[in-house]
Amino acid sequence: MLKVPFAPVDFHALVGKGAGHPVIIIIIIIIIIIIIIIIIIIVPLVLLSSGNLLWNYKLNLTADPKFETVAREVCKTTISEIKECADEPMGKGYLVSCLVDHRGNITEYQCHQYITKMTAVIFSDYRLICGFMDDCRNDINLLKCGSVRPGEKDAHSQGEVVACLEKGLVKEAEEREPRIRVSDVCKKAILRVAELSSDDFHLDRHLYFACRDDRERFCENTQAGEGRVYKCLFNHKFEESMSEKCRDALTTRQKLIAQDYKVSYSLAKSCKSDLKKYRCNVENLPRSREARLSYLLMCLESAVHRGRQVSSECQGEMLDYRRMLMEDFSLSPEIILGCRTEIEHHCSGLHRKGRTLHCLMKVVRGEKGSLGVNCQQSLQTLIQEADPGADYRIDRALNEACESVIQTACKHIRAGDPIDPRVTPLDPVLYRKCQGDASRLCHTRGWNETSEMIPPGAVFSCLYRHAYRTEEQGRRLSRECRAEVQRILHQRALDVKLDPALQDKCMIDLGKWCSEKTETGQELECLQDHLDDLVAECRDIVGNLTELESEDIQIEALLMRACEPIIQTFCHEMADNQIDSGDLMECLIQNKHQKEMNEKCAIGVTHFQLVQMKDFRFSYKFKMACKEDVLKLCPNIKKKVDVVICLSTTVRNDTLQDAKEHRVSVKCRKQLRVEELEMTEDIRLEPDLYEACKSDIKNYCQNVPYGNAQIIECLKENKKQLNTRCHQKVFKLQETEMMDPELDYTLMRVCKQMIKRFCPEADAKTMLHCLKQNKNSEVMDPKCKQMITKRQITQNTDYRLNPALRKACKADIPKFCQSILSKAKDDSELEGQVISCLKLKYADLRLSTDCEDQIRMIIEESALDYRLDPQLQMHCSDEISNLCAEEAAAQEQTGQVEECLKVNPEVLNMLKESKADIFVDPVLHTACALDLKHHCAAIPPGRGRQMSCLMEALEDKRVRLQPECKKRLNDRIEMWSYAAKVAPAEGFSDLAMQVMTSPSKNYILSVISVGICVLFLIGLMCGRITKRVTRELKDR
């Protein structure tokens, strides 16, 4: 701009005229020094003076009364509307500056054109802006921003001063302890300048010259004004062809917007009414807080979540700036301050398109290391501000990565639906649906706004505690809110990474126990399987989630997907209920073995049953029904199986003792019955039995599948080969099942239809007795009949497995069979010894009436089927296999084997028993049925009365019996006679009776007499056996 004329000096000519003269040389040197001084000192002063002349000229333009006069004439109406400008003094340039400040409110066309021209003049130099120089003079010097930069070609280089101050302001916000602080007055002035230049990017001289080429490249068709060029350049900020100089200038501008939303013309204009409407710019709040972009976004988002109406223009601007925050982490000073170390270690080189934030999220999930508390809080704050969960388009990295899926699989989902409950402290839809419930039940106000009094996740925890309450339990959530809470829980159950608390507390256990479980949902299942091995904090969280699943199994999305067919077929009513309360899982368990049940669903249901056994709280219905009973009767017991045993023992004792009031409540007894029935279905649901029999299962039931009580049935069939501990457990289980046949899963399953046909009104405890009574019915199902026979065989092995016999003979057993009881063990079978003992006493007519009835029934049953007599099987096993194999192999046992066996001590006992009653001998009873009807109809059965009647009829020649009956009676007489001859004497009386009735009585008595005499003579001859005592000892 300024050229300084210097006269050329011909040094050679000067030297040539007086060559070698010392004075001339000194003069020349002095002249050279003066010229150098002029160049070093004077020229910059001249240049500075010329720059200041231009600035003064511009300043005079704004301060010239003529311009103010023109402004007052052209903008007369506007000035009257803007009180601040009307009060400005004349001659200081304040009026024009004031109109520039309020140019957004100018509606007069001529005034607007005039102020636009004046704006171009004012913004060419920061010192022309009203008060700016006075406010920032010290800061300019402190930050060494200077006012003029000689040598720059840019005629508007003083725009760099504003840029320098802006960078200083931004740098201060990004440092924990900044070395240089910009004064509050200057901060306000800088942001005000940025605000005034927000509508036209030409007014930001630094950005304008930095982005001229980029503007032509990316925004050629974008008309200047209203911040349109700024937004266009922001959208192309991370393009590869964007110049670094322009990118830096845009980033600085965005950081200023983050500090004061008014720096964005379009956002301030679009949201002005909404900000005022929802009191997002309350006057008494510090400007540093109310002006922050984050505060504005959260305030307006809160209004949207509450269902308030926010203009579409404002929501569009909010979407743009939320996307901006997600794209560039450097726009958030909190991230820079809190996450600098983590970014350097884990996420360096990932600055563009939101990759840094996604990298930090991976670190939070533990995939790439650990995240500090400050960084985690900063990241959470930013995510809450940007709210990417409300609209997938906000997260550019997610949008680009999932674009193909969004366009295909998710095309039916409208933009704005929430996508990820992990990254958002509060799901927007959840907030909208639950805002009233949170206020009513959790005592929150301004939930999800800027309040820091509510810890992250606290409100959601409160909501899901109320989500599963019944009407009896008190206040609960609205239907819409409950559905949203369930949705979040369903999503979290798919992956532990979606539950930050679970992932944080269980990180060590996940690595220790579940490192190979990488499929969806497997990690949570693994943690549940190792629940007892987890650290306390992780165990509590997994336990709480499992407890929640027990109430609403629909949280288990994978299980629900696998069980969809069975749910639609058998459990659709439970699935449609708004409140599950454990009904759906109970339905799935009951239908686990239906033909429609697929393998995945069955495995999932069984897994959940196994998890439930670890803690009674994991069975929601059981917990709710028996919580008070457990605390009162079974304190300090946690495992479900132990709680069930404890409560069952209490119920049984109260029942046996005929207690007036049961200690266990009615509702608990009902649910206890359900739990007991479920536990009998799979041996794994009874951990003690399973652990005791693991080796035997491997040896004898290796190919038998779990479920349907098949393993338990296999162990029962191989009971004699089991190890001692397993044998004892199986015996205890059978004892329980015989006392309560409804707990016999196999019997109830096989005979389900027969129970409906024959025993619809029967009590659970008399179910087996009812089935036995109808066992020989023509319509009895063969499989059920076979199962009943198995249970009869089991009962006859030990009187303790027959509750009815045990009760009826409680006095007779210790009276007649004490010798057997003294040798018995509590948990091993007596192999029918007590029952055989009672049979013999039955034949002798020595039993009580009730016991006699029970023994008669047992004798009648065992007479038809030899397998029901354990002693006969034990002593006659070789004879049966060798002599009666054909009869034993018969499908229907009707006493053929007993008929085949003629002579055996056990058969002799049977013959002796048959004399007591004809019903004991089914073959004879069948042959003589008509004769009994004709000749002995008036004779009551029992105590051998009908048998005596037939014997008298046989001896009476006037009575004609049926040929078959007569033949069978003669056979029985011969057998009884033979049995009497060969039967061993059971005592001295029997022995004396046999001797006296023997044909060789005299011979036997003679032999006995001779023996006694010989013994007497030997005694006389041999003297005393003991030592003789001396007389002295006798006389003492």
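Mentor: A disulfide is a pair of cysteine sulfur atoms within 2.5 Å. In this predicted model, cysteine 701 and cysteine 714 are joined in that way, with an S to S distance of 2.0 Å.

Trainee: Which hand does the link of cysteine 701 and cysteine 714 have?

Mentor: The link is left-handed, with -95 degrees about the S-S bond. Cysteine 701 sits in the loop between helix H41 (694-700) and helix H42 (710-717), while cysteine 714 belongs to helix H42; the pair links distant parts of the chain, 13 residues apart.

Trainee: Are cysteine 701 and cysteine 714 buried or exposed?

Mentor: Buried means under 20% relative accessible area. Cysteine 701 has 1% and is therefore buried. Cysteine 714, with 9%, is buried because that value also falls under 20%.

Trainee: How many disulfides does the structure hold?

Mentor: The structure holds 24 disulfides. One of them is formed by cysteine 219 and cysteine 232, with sulfur atoms 2.0 Å apart. Cysteine 219 lies in the loop between helix H12 (212-218) and helix H13 (228-235), and cysteine 232 lies in helix H13, so placed that the pair links distant parts of the chain, 13 residues apart. This link is left-handed, at -100 degrees about the S-S bond. Cysteine 219 and cysteine 232 are buried.

Trainee: Which elements hold cysteine 626 and cysteine 668, and what is the angle about their S-S bond?

Mentor: These two cysteines form a disulfide with sulfur atoms 2.1 Å apart. Cysteine 626 is in helix H37 (residues 620-633) and cysteine 668 in helix H39 (residues 666-679); the pair links distant parts of the chain, 42 residues apart. The angle about the S-S bond is 110 degrees, and the link is right-handed. Both cysteine 626 and cysteine 668 are buried.

Trainee: How is cysteine 1013 to be classed by accessibility?

Mentor: The partly exposed class lies between the buried limit of 20% and the exposed limit of 50%. Cysteine 1013 has 47% relative accessibility and therefore counts as partly exposed.

Trainee: Where does methionine 1021 lie, and is methionine 1021 buried or exposed?

Mentor: Methionine 1021 lies in helix H63 (residues 1001-1022). Its relative accessible area is 72%, over the 50% limit, so methionine 1021 is exposed.

Trainee: Which residues form a nonpolar patch on the surface with Met1021?

Mentor: A patch of nonpolar side chains joins residues within 5 Å. Here Phe1016, Leu1017 and Leu1020 form the patch with Met1021, and together the four have about 510 Å² of accessible area.

Conventions: Residues are numbered from 1 along each chain as its sequence is written. This is a predicted model: local features need pLDDT of at least 70, side-chain atom pairs count only at pLDDT 80 or more; totals for chains, interfaces and linings use all residues. Side-chain values use heavy atoms; hydrogens and water are left out. Patches are made of residues with over 30% relative accessible area and no salt bridge: like charges are joined within 9 Å, nonpolar side chains (Val, Leu, Ile, Met, Phe, Trp, Tyr) within 5 Å. Accessible areas come from the Shrake-Rupley method with a 1.4 Å probe; for residues, only the protein chains shown count as cover. A salt bridge is a side-chain nitrogen of Lys or Arg within 4 Å of a carboxyl oxygen of Asp or Glu. Helices (H or I, at least four residues) and strands (E, at least two) are DSSP runs, numbered from the N terminus. Buried means under 20% relative accessible area, exposed over 50%, partly exposed in between (1.4 Å probe, protein chains only).
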